[in-house]
Amino acid sequence: MGVYIAFALLFNTVALAEGAQIAMDIEISNSPLYFDQLFINPDDAELQEGIFLITPFPGETRNITVYADIRDKNGFTDIKGVYLVFNGTNISMQQKFVGDVEMGFYEAIVLLPFYYKPGNDTLRIIAEDSGGAVVEGLININVVPVVSLSLDTTTLSLQGTTLEPLIIQGDEDVMTPSSPTLKNTGNVPLQVQLKGNDFFDGAMRIEAAAWLASLNSEGFNGSSIRLDYLYQDMNVVLKPNETLPLWLQLDTAEGIASGHYLGNISIAGVAS
Ligand SMILES: [Ca+2]
Ligand SMILES: [Ca+2]
């Protein structure tokens, strides 16, 4: 806890004769301004060994409430301004109520985007009184790594003839489920993996390997893989908050009987 000590040295200048006595009064005024308590709402973070653990919400911005109890020996009305510095922004903390004649209770909400980098960080709180005394307090935080991958498509149906390859076009818009879009909704880079199973209509079967998949804004111009029953790496790293279109193509070259087939394609993200 930071305690601000101001020294005021009051003495008279004297012409010093050798061996003369010097009279000196020293006044130490204690803490014109200091932090009584700095904390984050327990609902927003778990405290572990002096560090607040904050888990971002996948794909959303999380509001973190930060509190500072500040005392000023001259009375809380002497506190002029309280600011919170985080992620390059300076937020003014609002006085919520007063504890007693010396203490003011301040609050601010910090916005934590889901893609904010995980690891140790600090929230810096700066308070100033009318006399220009400044104190700075730190809240140590740890942003917990979150692995989260979202796909706007859950089910798709595809119609066509068996004369030519059937293509599902991906896009980069997460609001268009008919065109699959992957988005990294966590805060760590992800390796994307895909697998498929066989598609069936009764006894009729299309093997998983009849599907080609590509994660590329250019469609199949980039690298594509043939689906397998086990997860395979797409050799694409999806950065936090980044989106990529997923393209799928059913290869009908081997000849597929007409029917109504049903099957699954699964997507996974692995922290890379
Ligand atoms: Ca003061
Ligand atoms: Ca889409």
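Colleague: Let me start with one residue. Which residue in S22 is the bridge partner of Ala 213?

Modeller: Leu 248 is the bridge partner of Ala 213 in S22. Do keep in mind that this is a predicted model.

Colleague: What stands opposite Ala 213 in S20?

Modeller: That is Ile 225. Strand S20 (residues 224-226) pairs with S19 in the antiparallel sense too, over 3 bridges.

Colleague: When I look along any strand, how should I expect the side chains to point?

Modeller: In a regular strand, side chains alternate between the two faces of the sheet.

Colleague: Now the sheets. What is the strand order in the open sheet of 4 strands?

Modeller: The order is S3-S6-S10-S9, and the pairing is antiparallel. S3 (34-40) and S9 (94-98) are the edge strands, each pairing on one side only. On average, neighbouring strands here are turned by 25° against each other, ignoring direction. To trace one pairing, take S3 with S6 (residues 62-71), which are antiparallel over 6 bridges; Phe 35 has Ile 70 in S6 as its bridge partner.

Colleague: And which strands stand at the edges of the sheet of 6 strands?

Modeller: That open sheet runs S4-S5-S12-S11-S7-S8 with mixed pairing. Strand S4 (46-48) and strand S8 (89-92) stand at the edges with a single partner strand each, so one side of each lacks a neighbour in the sheet. Within this sheet, S7 (residues 79-86) and S11 (residues 119-129) pair in the antiparallel sense over 6 bridges, and Ile 79 stands opposite Asp 129 in S11.

Colleague: Which residues touch the most other members of the largest nonpolar core?

Modeller: Ile 70, Val 82 and Leu 123 do, in a core of 28 residues. Strands that each supply at least two residues of this core include S3, S6, S7 and S11. Leaving out residues up to four places away in sequence, Val 82 touches Ala 68, Ile 70, Met 93, Tyr 106, Ile 125 and Ala 127. A second, separate core has 17 residues, among them Trp 211, Leu 227, Leu 238 and Leu 246.

Methods. Residues numbered from 1 in each chain as written. Chains lettered and ligands numbered in written order. Predicted model: local features only at pLDDT ≥ 70, side-chain atom pairs only at ≥ 80, totals over all residues. Pairing = 2+ DSSP bridges. Axes fitted to C-alpha atoms, helices over the stretch in contact; angles between N-to-C directions. Core = buried A, V, L, I, M, F, W, Y, C linked by C-beta atoms within 7 Å. Buried ≥ 20, exposed ≤ 12 C-beta atoms within 10 Å, placed from the backbone. Contact = placed C-beta atoms within 7 Å.
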